[in-house]
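Good morning, and thank you for making time for this item.

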There are 2 protein chains.
Amino acid sequence: LAESPQEFELINQIRRMAAPFARISAGIGDDAAVIEFPVPARALLTVDMLMEGVDFTLQTATPFQIGRKALAVNLSDIAAMAGRPLACVSSVALPRAGGFALGLELAQGLQSLANEMHVGVAGGDTNSWNGPVVISVTVLGEATPRGPVPRSGARPADWIMVTGQMGGSLAGKHLNFTPRVQEALALHEAAALHAMIDISDGLAADLHHILKESGAGAVIEEAALPISAAAFAARDGRTPLEHALEDGEDFELLFTVSAEEGRKLLEHPPVAVGLSRIGEITVEPGCRLKRRDGREEPLPPRGWRHAFE
Amino acid sequence: LAESPQEFELINQIRRMAAPFARISAGIGDDAAVIEFPVPARALLTVDMLMEGVDFTLQTATPFQIGRKALAVNLSDIAAMAGRPLACVSSVALPRAGGFALGLELAQGLQSLANEMHVGVAGGDTNSWNGPVVISVTVLGEATPRGPVPRSGARPADWIMVTGQMGGSLAGKHLNFTPRVQEALALHEAAALHAMIDISDGLAADLHHILKESGAGAVIEEAALPISAAAFAARDGRTPLEHALEDGEDFELLFTVSAEEGRKLLEHPPVAVGLSRIGEITVEPGCRLKRRDGREEPLPPRGWRHAFE
């Protein structure tokens, strides 16, 4: 919809910032971006919205970090499908007071990660109002010839594996994480991944998403969990284990593979960020945590945040 | 990011509402939607955000109308490229108080138009906060074999043409318009369209977008303008002509074709919503309005709305 002269100038500056991409034949400055699919393809589409006061505050994050993160969370979703990201579009609601500088810095943060990950900034919608900052980013990607990896493909006796470490993301990682796009592509190239999700809600909650969509259960082994240094450093009354299981925004990959493929991955890890087998898919429904002493206890899908009244 | 149990239930209800589409092989309930491009394609991607208090109020529009419009404005952008819409994703910020019912009605409005226009609802991001309603919709489409129609293709001596009538949209049309998707496809099939845009900012402002991107000028003829009944009925101190030139949200198509193709279109109109030749592209830059008495005056790009401070 209509823009003010100041919004036009902001869009012009963002347009000049955008690097040209071979696959984007028309971008900012037309009614829609044009992205080339030169061979038959399975396109991937995902959207995430970040809201001031809910997902970030301007006291604890810079606009640059927020713009970067708004793209990063979506790239993490494309990674969770083992896809290649191609292009993004964003829509923003900016406060009228100071909105120009803020919008420019958001765009710079987004553009910096787009450049790093070879994603084209293809368009957007810039708005101002007397309200909090809202940024919504949509990423268009494509599956590799091996196909997208759904949440629903976990099979009994599959190994459950993760990249990196879990817990304590709020101490800093949630604002500067690198979405596991390259890692997901490398893993999918090296092994037939059955099911995958990125850990955004928290390990336990996201595992439940896989189990629900796959109609399966799981046992997770406490002793096998790669718990991050940030989870140990938290000292806020919650244990490092609780942080690793329940903290959101790790943005690591959680996936299942056959035991045979899992063994291959551990022998020759195709990723440099760490790779762990943390448990197994079971026929019995539900999710259990096997403690170090061998006892099993239920593992509930903790990890949500906000609610309607 | 993480959803509350109530948000999950809302997403479940929206998921059950979504009709299956042959081209969408995975939609709501995974990290990203999967949309099939079975042959090489030029994908189209566009996004628009509607904000409470700026683009609508809950006193003057129902949530159903807002959800429908949030998709409609994007379909109008795909139409402006003469493309076929395929799938959409949406992100919403809902107030905590009453957000469930509101979100459901927004989704119903969006879904109703999606069904009508054969567009798949492929995913989304549902959030709640203590703020106004925000809805951002992204549409993925594809160009036809004739290619997308850019804003930048207008050539000197081209006819400037429009579908339908202009002005007075705020009296009602802006909430229930039908995006000109079928009309754009029919026009592009019948003639080689050079440049096209949908009239969202207002006829004068949107014509300026075409002229800027095409590096050309134009003369518009007052006597040829199809002015809507709503523009005549407004009686708010502005003339029907001013309404037709400056009101936003007509969501009609504004396009240019060679005079020869334009004549063919008027002889055998491929659309039922009305088709008018309103002027001509000129080598001289700038935009002029030719009044009924033959005088020419500048036609400025009026039509914007909101601004930063």
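Throughout this talk, contact means heavy atoms within 4.5 Å. Please also keep in mind that this is a predicted model.

With that cut-off in hand, let us turn to chain B. Residues Pro63(B), Phe64(B), Ile66(B), Gly67(B), Arg68(B), Leu71(B), Ala72(B) and Leu75(B) of H2(B) are in contact with Leu102(B), Glu105(B), Leu106(B), Gln108(B), Gly109(B), Leu110(B), Ser112(B), Leu113(B), Ala114(B) and Glu116(B) of H3(B). Sorted by class, the residues of this contact are 11 nonpolar, 4 polar and 3 charged.

How do the two helices lie against each other? Two packed helices are described by the angle between their axes and the distance between the axes. Here, helix H2 of chain B, residues 63-80, packs against helix H3 of chain B, residues 99-116, at an angle of about 45°, and the axes are 6 Å apart. H2(B) is therefore oblique to H3(B). The crossing of these helices, H2(B) and H3(B), is right-handed.

I now move to chain A. Helix H2 (residues 63-80) and helix H3 (residues 99-116) of chain A have axes that come within 6 Å and cross at roughly 45°. With that angle, H2(A) is oblique to H3(A). On the H2(A) side, the residues in contact include Phe64(A), Ile66(A), Leu71(A) and Leu75(A), and on the H3(A) side they include Leu102(A), Leu106(A), Leu110(A) and Leu113(A). The contact of H2(A) with H3(A) comprises 11 nonpolar, 4 polar and 3 charged residues. As for handedness, H2(A) passes H3(A) in a right-handed crossing.

H3(A) has another partner to consider. Helix H1 of chain A, residues 5-17, and H3(A) have axes that come within 10 Å and cross at roughly 20°. Because angles under 35 degrees count as roughly parallel, H1(A) is described as roughly parallel to H3(A). The crossing of H1(A) and H3(A) is right-handed. Gln6(A), Glu9(A), Leu10(A), Gln13(A), Ile14(A) and Met17(A) of H1(A) meet Phe100(A), Gly103(A), Leu104(A), Ala107(A), Gln108(A) and Gln111(A) of H3(A). By class, this contact of H1(A) with H3(A) has 6 nonpolar, 5 polar and 1 charged residues.

Let us now consider the interface. How many residues of chain B are in contact with chain A? The count is 84 residues of chain B, in contact with 84 residues of chain A. About 7000 Å² is buried between the chains, and carbon and sulfur atoms give 60% of that area.

The last topic is charge pairing. Side chains of opposite charge can pair when their charged atoms come close. The structure holds 38 salt bridges over all chains, and 6 salt bridges are found across the interface of chain B and chain A. Asp31(A) forms a salt bridge with Arg151(B), with the closest N and O atoms 3.0 Å apart. This pair crosses between chains: Asp31(A) is in the loop between strands S1 (24-26) and S2 (33-37) of chain A, and Arg151(B) is in the loop between strands S6 (134-143) and S7 (159-163) of chain B.

Thank you for your attention.

Definitions and conventions
Residues numbered from 1 in each chain as written. Chains lettered and ligands numbered in written order. Predicted model: local features only at pLDDT ≥ 70, side-chain atom pairs only at ≥ 80, totals over all residues. Heavy atoms only, no water. Axes fitted to C-alpha atoms, helices over the stretch in contact; angles between N-to-C directions. Helix = DSSP H or I, 4+ residues; strand = E, 2+ residues; numbered from the N terminus. Parallel < 35°, antiparallel > 145°, perpendicular 65-115°, else oblique. Left-handed = near helix turned anticlockwise from the far one by under 90°. Nonpolar A, V, L, I, M, F, W, Y, C, P; charged D, E, K, R; others polar. Buried area = accessible area lost by both parts, 1.4 Å probe. Salt bridge = Lys/Arg side-chain N within 4 Å of Asp/Glu carboxyl O.
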